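Thanks for making the time this morning. I would like to walk you through one model, going from a single chain to the contact between two chains and then to a few individual residues.

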Amino acid sequence: MNSAEASWLHTLYITYAETLYRIACYRLQDANRAQDLLHSVFLAAAQKVPALQAHENPLGWLLRALNYELSHEFARQAKQTAQEQPLHPSPAGLAPTPPPSLGLAEVLPVQLSPRDREILLLFYEEGLSYQEIAQRLGVPVSTCGTWLSRARKHCRAYLSHSPGFPD
Amino acid sequence: MSHTTSSARRAAAQRLLLETTLFQEETSLPRLQALLTTLEDQPPPAFSAEASWRQLQATHPDCFPLRRARAWRRWALAGSAAALAALVLLLPAQTKESTAPAPALSQDAVSQVIPTSAGLAALYDLAYLENLAPPSACPDVENLPFFLPGDTAPGHLPFDPEDKTQSIFLLEDAPLSPAPFSQDSVQNIPSEPASPETP
């Protein structure tokens with residue numbers, strides 16, 4: 001990375017870091033982890049500065065990278081919780097602690113088909129790649145892309161009719 | 001009222017989640033900030049983008065070449081400052097007033113000023129103040145070479161150009177080369193020195 005690229009990345013950081021940090025804080029409820037994830041996002045950006053400079057929507061790129069980091073963090077937390085559960089079983093009768101923020105499964109429109117819902121969750125919540133999703137669902141990679149695009153379109157159509165999403 | 005607030009918060013949470021996952025390409029910074037303001041019960045811990053950026057660079061210097069260069073410069077500067085400190089400690093004092101050696105710089109004083117260029121400058125100042133007379137604002141005319149009080153002021157010729165007795169200094173009057181030989185001068189040279197015996 002040359003000095004011009006470093007300067008550009010610095011400007012990008014100053015512009016978007018606080019918002020990304022607040023999103024991560026809200027999703028994780030942990031300021032230190034939020035800061036770590038923010039750094040991971042910008043380290044990934046530092047590796048791809050030329051591509052990011054040519055990108056038409058750097059904020060979208062950063063949000064996607066943050067979402068990827070968040071999905072891995074949630075997976076890590078879930079794994080850790082599963083490992084710790086036999087050692088510290090929760091008292092019987094107590095409900096599990098609710099997640100601090102909503103999960104994607106809770107906010108997807110109920111009208112979505114099971115296939116649309118599944119592929120959206122695999123891609124956006126679990127952070128799987130097209131290849132991994134195609135392998136899991138037993139379909140070609142190109143089909144996976146088509147299904148994902150269609151699922152997003154359906155999701156937008158259903159949300160546009162809901163009262164909370166005027167546009 | 002609280003139900004309205006709760007439903008608004010839930011809608012904001014829903015929208016934030018969707019805009020940061022499914023519809024990242026269509027969202028904008030002000031919209032995200034507005035949603036976060038609605039959602040946050042209390043502002044998150046204070047965040048300084050500049051401080052965070054510096055921390056990122058410090059934690060991952062391999063990713064930031066400028067930072068690497070700065071680190072290299074810092075080491076070079078520290079080396080120079082250490083060498084200078086050693087020089088200061090080893091050289092005898094050169095004060096005008098006293099021939100006694102100046103007090104050595106303390107380790108604390110040296111280590112405090114090493115890390116930055118400003119510190120290096122401060123170290124120079126410290127060394128100067130401890131070993132030499134304080135610098136004067138203007139040069140001491142009396143100690144300047146070639147000019148003494150009452151001498152001709154600088155910028156004036158040391159002779160009067162109109163005075164022909166001193167005109168040897170002027171190029172046009174001074175002979176640049178010996179005069180050329182003439183036939184007469186050659187003929188007038190006596191062939192043998194005159195003998196004292198012969199008239």
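This is a predicted model: local features need pLDDT of at least 70, side-chain atom pairs count only at pLDDT 80 or more; totals for chains, interfaces and linings use all residues.

Let me begin with chain B, where 24% of the 199 residues count as buried, buried meaning under 20% relative accessible area, exposed over 50%, and partly exposed in between, with a 1.4 Å probe and protein chains only. Residues are numbered from 1 along each chain as its sequence is written, chains are lettered from A and ligands numbered from 1 in the order in which they are written, and side-chain values use heavy atoms, with hydrogens and water left out.

Chain B has 7 helices and 0 strands, where helices (H or I, at least four residues) and strands (E, at least two) are DSSP runs numbered from the N terminus. If we take contact as heavy atoms within 4.5 Å, then among the contacts in chain B with a separation of 6 or more, 41% join residues 24 or more positions apart.

Now to the interface. Chain A brings 47 residues to the contact and chain B brings 39 residues. Between them the two chains bury about 4100 Å², with 68% of it on carbon and sulfur atoms; buried area here is the accessible area (1.4 Å probe) that two parts lose on being put together, summed over both. B:L22, B:F47 and B:W53 supply 16% of the area that chain B buries against chain A, which is more than any other three residues.

In one salt bridge, the side chains of B:E25 and A:R152 meet at 3.6 Å, N to O. The elements giving two or more residues to the side of chain B that touches chain A are α1 (2–21), α2 (29–39), α3 (49–59) and α4 (65–90) of chain B, and α1(B) gives the most, with 10 residues.

B:T21 is in helix α1 of chain B and, at 2% relative accessibility, counts as buried. Which residues is B:T21 in contact with, once its neighbours within four places in sequence are left aside? They are A:R27, A:N67, A:L104 and A:Y124.

Turning to chain A, helix α8 (residues 141–160) has 20 residues and should span 28 Å at 1.5 Å a residue, and its end C-alpha atoms are 29 Å apart, which agrees; the expected span is 1.5 Å times one less than the number of residues. In α8(A), the residues A:C144, A:G145, A:W147, A:L148, A:A151, A:C155 and A:L159 are buried. They cover an arc of only 165° around the axis, which puts them on the same side of α8(A), the arc being that of the directions from the helix axis to the C-beta atoms. On the other side of α8(A), A:S142 and A:K153 are exposed.

I will finish with a backbone detail. A:Q29, in the loop between α1 (3–28) and α2 (31–47) of chain A, has a positive phi of about 60° although it is not a glycine. Most residues other than glycine have a negative phi.

Technical notes: A salt bridge is a side-chain nitrogen of Lys or Arg within 4 Å of a carboxyl oxygen of Asp or Glu.
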